[in-house]
Amino acid sequence: MRSPRPYSPQAGPGAPSLTERRKAATQLDIARAACELFAEHGPDGTTAEDIAHRAGVALRTFYRYFRNKQEAVAPLLAGGGDAWRALLSEEAPGTPLGEALERAVTRSLNDPQALAEGLEVTRGLLRAAETDEALRAVWYRVNQDSEEQLVPVVARLAGPGAEALGVRLLAAAATDAIRISLEMWSATDAPVSGPGSPAELAVRCLRDLTGAMPLLR
């Protein structure tokens, strides 16, 4: 089973160093191995040793990056948030925020890579998280991190006069819209595109959660 390709920042000022990129690549190799084994055997049937062996690294290398087997999937779960924030960052300041958010969410969840691989991997992980508290905690932490990283992106688009509270609320609502849509979709056998898909559900959640927010008026 192939796993989703994470968003990779372009080289340039402030880009990660070669050492950082190598570390990130190792983490992703471990994350892919964890996703594969969770899909094959479930979290209970998978050990950290299994994941390290599948990834081709020593067990001590595994524990250098992750405290437990569930945390190993975090880089792949975080990849979707990285991708959609990058797309939102491409929007020009002054663009109506509602349009910018919907466009970025729709583009990221309809990306060919997400449709072919990432969403089905996410569905499997979220289903496993229903009975695995540690895996569920990783999912919530990934979303919290994504929300915090979204705040400056929303602030830039909203402009210097935007109220900090409104920016924070919009970042939280946008993050929750995607989280809830993925959780609801993962509990069904709905397709990755079209009616009932994550993209459709995310736009619906986004509109319901943000419709009364001053920043979108």
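Helices, as named in these legends, are DSSP runs of H or I with at least four residues, numbered from the N terminus. The model is predicted, so local features need pLDDT of at least 70 and side-chain atom pairs count only at pLDDT 80 or more, while totals for chains, interfaces and linings use all residues. Residues are numbered from 1 along each chain as its sequence is written, and side-chain values use heavy atoms, with hydrogens and water left out.

**View A. Thr210 in helix α9.** Thr210 lies in helix α9, which comprises residues 198-210, and counts as buried because its relative accessibility is 3% (buried means under 20% relative accessible area, exposed over 50% and partly exposed in between, with a 1.4 Å probe and protein chains only). The side chain of Thr210 reaches the backbone oxygen of Leu206 at 2.6 Å. When neighbours within four places in sequence are left aside, Thr210 is in contact with Leu170, Ala173 and Leu216, contact meaning heavy atoms within 4.5 Å.

**View B. The buried side of helix α5.** Helix α5, residues 97-109, has 13 residues and reaches 18 Å from its first C-alpha to its last, close to the 18 Å expected at 1.5 Å a residue; the expected span is 1.5 Å times one less than the number of residues. Its buried residues are Leu97, Ala100, Leu101, Ala104, Val105, Ser108 and Leu109. They cover an arc of only 140° around the axis, which puts them on the same side of α5, the arc being that of the directions from the helix axis to the C-beta atoms.

**View C. Thr131 in a loop.** Thr131 is found in the loop between α6 (112-129) and α7 (133-158), and it counts as exposed because its relative accessibility is 74%. Thr131 and Arg64 are 67 residues apart in sequence and, C-alpha to C-alpha, 26 Å apart in space.

Methods
Helix = DSSP H or I, 4+ residues; strand = E, 2+ residues; numbered from the N terminus. Polar contact = N/O pair within 3.5 Å; in protein donor to acceptor, adjacent residues only side chain to side chain.
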